[in-house]
Amino acid sequence: MTTAVSEKKPEGALASTANYLDERLGVGSILKNFGRKVFPDHWSFMLGEVALYSFVILLISGTFLTFFYQPAMTEVIYDGSYVPLKGAQVSIAYASSLDISFEIRGGMLMRQVHHWSALLFVAAAGLHMLRVFFTGAFRKPREINWLVGFMLFILGMAAGFTGYSLPDDLLSGNGLRIIDGMIKGIPVIGTSISAGLFGGEFPGTEIVARLYGLHILLVPALILIFIAIHLFMVVIHKHTHYSGPGRTDENVVGYPLMPVYVAKAGGFFFIVFAVVMLISATFTINPIWNYGPYDPSPVSAGTQPDWYIGWLDGALRLAPTGLDISFLGHTYPFGVLIPLVGSLVFLGLVAVYPFIEAWVTADKREHHVLDRPRNAPTRTAIGAAGVTFYGVLWAAASTDLIATFFQVSLNQVLVSMQVMLIVGPIFAYIVTKRTCLSLQRKDREIVLHGRETGRIVRLPHGEYIEVHEPLDKFEMYKLVDFKDYRPTIVRPNEKGKITVGTRIRSALSRIYFEDRISPVSQSELNEAQAHDHSPAIEATKQEQLSK
Amino acid sequence: MAGKDLEKSKEAEGFEHEFESGLAVISETKISDPGLAPHRVRMTDKSPKHAKNAERQVAVLFLLSVVGSFFALWAYVAFPITEDLATVRANNLWLGLGMTLSLLGIGIGAVHWAKTLMPDFEVSEARHQTRGSEDVRAAAVEIVKLADQESGFSRRKLIRRTMYGALALFPLPALIVFGDLGPVVGDSLRHTMWKKGTRLTKDPTGIPIKASDVTLGSVFHVIPEGLAEMHEHKLEEKAKAAVLLVRLNQEDLKEDEAKKSWSYDGIVAYSKICTHVGCPVALYEQHTHHLLCPCHQSTFDVTEHCKVVFGPASRSLPQLPITVDAEGYLIAQSDFLEPVGPSFWER
């Protein structure tokens, strides 16, 4: 409109602010489009939120720490208020970390908030990943977002490890020593990479400052970018929802962003922060003053890395004795290389899993309704095998503590872990798959014949029956609404050839769907209800009895 | 479409584009969707009294947060940190608890507000297929084609190829500037501070050790003479030169003929740096004569030249040949005869 419509002044401070912002930023249309965006509700969707919020807490507490921390490895004589270390030769990095803990009000609190929320960040991201995996949320169109999330998990570990080493204490120094030992084992370039990282020989005087640069600039910047992409894709795809009445691949059912999710998610940020704060106020984490400054000679028994590095440390422990090979004048330390490559392969499989499953099912449709884990038995079993594999490696990082705590032989603990690393995943796969199939059968049973009530009734002619209570249609739909696949047989393509790909795909599809259990169909339901012991008849019988 | 397996999806009827459903089983008699379950009314929806109560609860929670904030402010001042370490704990605890209350009040208050007083009607919103509509895709293709035409990207091969070349090479200078991150280590990994005649001294004091001080079964953590006084590169040298000294019964030692002269009167010295990934092998078990690395539990048998008896390490701990000088102090006969610590390529 060009003709000046008598511009009404918006009334009130709120209205005029809104007007100011809309005329400059167009917030009106943003709010119109996003203000009532629908988000589904489920507790498992909050795991990703916890990860996001811990990252925010990390930024806040980390900024505080940068004001006091000094990333220098120059040796100084400690003269702070922690008496046991007075006069000790320590690095500036270590001394400033002690000062944050013992000289600055709230410094200890912020250090602990930072450390606890880092532990929480990786844990929440990992659990969020498991939720996405076990519910099939990674299926089309979200495969790329799975990769983004995967990168976030890796970056989370990287952020954790680079930060862990900054106080330059004995424990983290030994962690770096292990990293150095692993890097040196890499064929051809290992020695050079190690020299480049440490600025010469281990430990050198560079590493802390370099890790600091990575820890406060590069890694968090990458995490921020990936989080932005991650969330942007959530907006593009809209959030998934669990199967249930009224929920389809073409809609999203939940509560509007404003006001419900602003309040719930906003409030949840404060709750997560409060919980981290409570833990930090009451539980010590990483008491670097007990460990002492880094020195290559001493080490304390029962050393443990932060939890998310544990599985890598465990992998190192599980390698059998004597795997180093000398060949043509060079050393191949397979005792280090196998764990290293093995972990990378494991991570690689995690990253590409969505593409494997998509290839096997050949299902090109968009999937927005989540699977209950039992309704995808093979995927769930594969996930359980992966979790077991990771879990054994993780537990293996504590072989010494397990041995001392349970008073058993360290050697036996280690050997049983080695066995479990192979047997455990297979066992978990079989048990999980069978459990899922049984649960599916139970679901069918409940849909067809209703729930057992435990009430035994004697009929007039003397027969005893148990009364089954029929499901209402909403409950029933929850149990029958899932996607079902059947294995494919090998077929020649247009040229009349059977390719290797076809064979593999067909074999995989058999592994996946051979013993599938289909959802109850309407005809099956009708048949069951027509049967003598159908819930409807029993209900009428019961009515007659009660008269 | 090849084969019957590729049935069209019936579920995707609402979307413009139909995708192949692959191996999916499309049931003709699927139980029909009853639609959203009926809404269950909350107490706060039905009774104004409950609603008023919930409102008060939310307000109380927000007020608790205010109390927490003031408490935290007070605690910052009221619990200063002095020389007494207990004050750190008090400061940490009360400041932290105040902040906890301040955050928790807001958090629980907001969630309680949403759950009790804001409408809890589930809303259904249509999704749109991620794939663009045919028109949109055609328009996008047009834009790309037009850009190609206008720039001549496909047509002008010379420009295109030289550009690829330039783009492939320009990151190289950016990589080469990282060349000075660290010097080429060269031979230094093979050598330590130990040389002929270097006295064995105690870690960390640097006091020389007399052979007669080493009683049977005792263990000494050892550094080379002069290391304790170093300032530059002290830790790098220590990371290679740290040694563990043990005295055993001569008859317990099972020594190779060639290395018999490396020990002195049952006293043996071994590199303390694990041959696995370099942790200090600091735990000595007196009665099995085993050395254990606390990081990954590699175990070495001191009686047999520290060969690996358990754990992921492959190589024995390098032995430092020792003897005594005229004054009875333990000295090295030479440097280690092989590189210490973890395996590396050039070993």
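I will start with two helices of chain A: the axes of α12 (residues 310-318) and α14 (residues 377-396) come within 6 Å and cross at roughly 75°. An angle of 65 to 115 degrees counts as roughly perpendicular, so α12(A) is roughly perpendicular to α14(A). Please keep in mind throughout that this is a predicted model.

Which residues meet there? On the α12(A) side they are A:Gly310, A:Trp311, A:Gly314, A:Ala315, A:Arg317 and A:Leu318. On the α14(A) side they are A:Tyr390, A:Leu393, A:Trp394, A:Ala395 and A:Ala396. Sorted by class, the residues of this contact are eight nonpolar, two polar and one charged.

Next, the contact between the chains. Chain A puts 110 residues into it, and chain B puts in 93 residues. Which element of chain A gives the most to the side that touches chain B? That is helix α10 of chain A, residues 257-282, with 16 residues. The side of chain A that touches chain B has 50 nonpolar, 38 polar and 22 charged residues.

There is also strand pairing across the two chains. Strand β5 of chain A, residues 251-256, is joined by four bridges to strand β1 of chain B, residues 123-126. These two strands run antiparallel. To find the pairing on the screen, look for A:Asn251, which stands opposite B:Ala126 in β1(B).

Staying with strands, I move to a sheet in chain B. Here four strands form an open sheet in the order β6-β7-β8-β9, and the pairing is antiparallel. Which strands are at the edges? They are β6 (283-285) and β9 (307-310) of chain B, each of which pairs on one side only. From one strand to the next, the twist averages 35°.

One pair in that sheet can be followed residue by residue. Strand β8 of chain B, residues 299-301, pairs with β9(B) over three bridges, in the antiparallel sense. Within this pair, B:Phe300 has B:Val308 in β9(B) as its bridge partner.

Last, the domains of chain B. The assignment divides the chain into domain 1, covering 43-116, and domain 2, covering 191-332. How many Å separate their centres? Taken over C-alpha atoms, the centres of domain 1 and domain 2 of chain B are 58 Å apart.

Key
Residues numbered from 1 in each chain as written. Chains lettered and ligands numbered in written order. Predicted model: local features only at pLDDT ≥ 70, side-chain atom pairs only at ≥ 80, totals over all residues. Axes fitted to C-alpha atoms, helices over the stretch in contact; angles between N-to-C directions. Parallel < 35°, antiparallel > 145°, perpendicular 65-115°, else oblique. Contact = placed C-beta atoms within 7 Å. Nonpolar A, V, L, I, M, F, W, Y, C, P; charged D, E, K, R; others polar. Pairing = 2+ DSSP bridges. Domains from an automatic or database assignment.
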